[in-house]
Amino acid sequence: DTPGHDGAVLIEGERVTSFGVHLPLSSHPEIVNGAAGTRHTAALGFSEVCDALVIVVSEETGTVRIARNGRLHPVRDLRELKTILGEFWTRYYRNPSLAKDRTRTAQMLGSGALALGLSVLAWFLFVFQPGPVQRSYTAPVVFEHVPAGWVAQTVSDTPVRLVLSGPDHFFSTVDPSRLVLTYNLTQPVAGTYELPTTSGTLHIPKGLKLIRVDPAVVLMNVDRAAP
């Protein structure tokens, strides 16, 4: 919910010069192959129009990929990433003619370290999750497909309490109004019944799991409607 969401920040020297920048998207999105979104397509597009080495981190999985010369490569671990960065630095920046200019070399190394530090900090702030979190919600009980002439209702008006667990950023997809416990009553029989909450239907958002339901049973009364 910020103006810079999905936009790039351009840093020149020690100054932020642009914010919320739209990078060029790849002309070959099929290379991404549906495994990633806009940021990967932008990283690939950026590598198609210049000789930059682009490091892209998945928001959902934290997977690191390298985009370079119009190709997208997965990075297995930190060791491989350091090797790629070292080779790139040696090829394009470690010029023997600059050996005497120690000041400039130190500045370039400092800029590289700063860029890598900012990347790691951004990963910890926006991607890394220390562990799953738990949040509780209330869900009303709804009876579906009740035939005409029948009435079904819970004996108590107390809603069902759900406890969901998962990475914190997945909870942004939860719409509490959609958390409803539904039962199918296509063939009702008059009486009062105890329905296990596990026998109802709940639509849990992807990436989260249900770890507790309270109460364990729902008391339901079924009867024919009064004339």
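Strands, like helices, are DSSP runs numbered from the N terminus, a strand having at least two residues. In this predicted model, Pro215 lies in the loop that links strand S12 (209-214) to strand S13 (217-224). The points below cover backbone geometry in loops and a nonpolar surface patch.

**Cis peptide bond**
- Asp214 and Pro215 are joined by a cis peptide bond, with omega near 5°.
- Most residues other than glycine have a negative phi, and most peptide bonds are trans.

**Positive phi outside glycine**
- Asn69, a residue other than glycine, has a positive phi near 55°.
- The loop between strand S4 (64-68) and strand S5 (71-74) holds Asn69.
- Asn69 has a relative accessible area of 57%, and because exposed means over 50%, Asn69 counts as exposed.
- His145 is not a glycine, yet its phi is positive, at about 55°.
- His145 sits in the loop between strand S7 (141-144) and strand S8 (150-154).
- With a relative accessible area of 53%, His145 is exposed.

**Nonpolar surface patch**
- A nonpolar patch on the surface is formed by Val9, Ile11, Val16, Phe19, Leu114, Leu118 and Leu121, which together have about 650 Å² of accessible area.
- Strand S1 (8-12), strand S2 (15-21) and helix H3 (102-126) each give two or more residues to this patch.
- H3 supplies the largest share of the nonpolar patch, with three residues.
- Phe19, one of the patch residues, belongs to strand S2.
- Phe19 is exposed, at a relative accessible area of 56%.

Notes. Residues numbered from 1 in each chain as written. Predicted model: local features only at pLDDT ≥ 70, side-chain atom pairs only at ≥ 80, totals over all residues. Heavy atoms only, no water. Patch = residues over 30% accessible without salt bridge, like charges linked within 9 Å, V, L, I, M, F, W, Y side chains within 5 Å. Areas by Shrake-Rupley, 256 points an atom, 1.4 Å probe, with all protein chains shown as cover. Salt bridge = Lys/Arg side-chain N within 4 Å of Asp/Glu carboxyl O. Helix = DSSP H or I, 4+ residues; strand = E, 2+ residues; numbered from the N terminus. Buried < 20%, exposed > 50% of the residue type's maximum accessible area, 1.4 Å probe, protein only.
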